[in-house]
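Q: Could we go through this model together? I would like to start with the overall layout and then look at individual residues.

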Amino acid sequence: MSRLPHIQVWGATAYIEVPPAACTTGPGIHWRVPPRDCCLTDPTALLAALRTATREALGPREGARR
């Protein structure tokens, strides 16, 4: 993961909770800085980051297009 040092791959059984946009106070999971748009991040950039992180953590998929 040298190209993405700030990314941690936790494995197939891990999950990340995302609270509703209106949840801005605790206790529990909440936004310190609430999202401003309907998307939390650019979907194209997120997909590229996930593909890179997965490939670097697990290696290329068999039969995957390059």
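**Layout and local features**

A: In this predicted model, P27 lies in the segment before α1.

Q: What is the peptide bond from G26 to P27, cis or trans?
A: The G26 to P27 bond is cis, with omega near 5 degrees. Most peptide bonds are trans.

Q: How many helices and strands does the protein have?
A: The protein has one helix and zero strands.

Q: And how far does α1 reach from its first C-alpha to its last?
A: The helix α1 has 16 residues and spans 22 Å between those two atoms. That is close to the 22 Å expected at 1.5 Å a residue.

Q: Which residue follows α1?
A: G59 comes after α1, and the phi of G59 is positive, near 90 degrees. Most residues other than glycine have a negative phi.

Q: Moving on to L58: where is it found?
A: L58 is found in helix α1.

Q: Is L58 buried or exposed?
A: L58 has a relative accessible area of 68%; exposed means over 50%, so L58 counts as exposed.

Q: How far apart in space are G11 and L58?
A: Their C-alpha atoms are 9.7 Å apart, although G11 and L58 are 47 residues apart in sequence.

Q: Where does G11 sit, and what is its relative accessible area?
A: G11 belongs to the segment before α1.

Q: Changing topic, which residues form the nonpolar patch on the surface?
A: The patch consists of W10, I16, V18 and L40, which together have about 490 Å² of accessible area.

Q: Where is V18 found, and how exposed is it?
A: V18 is in the segment before α1, the helix that covers 43–58. V18 is exposed, with a relative accessible area of 52%.

Q: What percentage of the residues count as buried?
A: Of the 66 residues of the protein, 8% count as buried.

Q: What does the accessible surface of the protein come to?
A: The total is about 6300 Å², and carbon and sulfur atoms account for 57% of that area.

Q: Finally, what share of the contacts comes from residues 24 or more positions apart?
A: Among contacts with a separation of 6 or more, such residues account for 36%.

Conventions. Residues are numbered from 1 along each chain as its sequence is written. This is a predicted model: local features need pLDDT of at least 70, side-chain atom pairs count only at pLDDT 80 or more; totals for chains, interfaces and linings use all residues. Side-chain values use heavy atoms; hydrogens and water are left out. Patches are made of residues with over 30% relative accessible area and no salt bridge: like charges are joined within 9 Å, nonpolar side chains (Val, Leu, Ile, Met, Phe, Trp, Tyr) within 5 Å. Accessible areas come from the Shrake-Rupley method with a 1.4 Å probe; for residues, only the protein chains shown count as cover. A salt bridge is a side-chain nitrogen of Lys or Arg within 4 Å of a carboxyl oxygen of Asp or Glu. Helices (H or I, at least four residues) and strands (E, at least two) are DSSP runs, numbered from the N terminus. Buried means under 20% relative accessible area, exposed over 50%, partly exposed in between (1.4 Å probe, protein chains only). Contact means heavy atoms within 4.5 Å. The expected span of a helix is 1.5 Å times one less than its number of residues.
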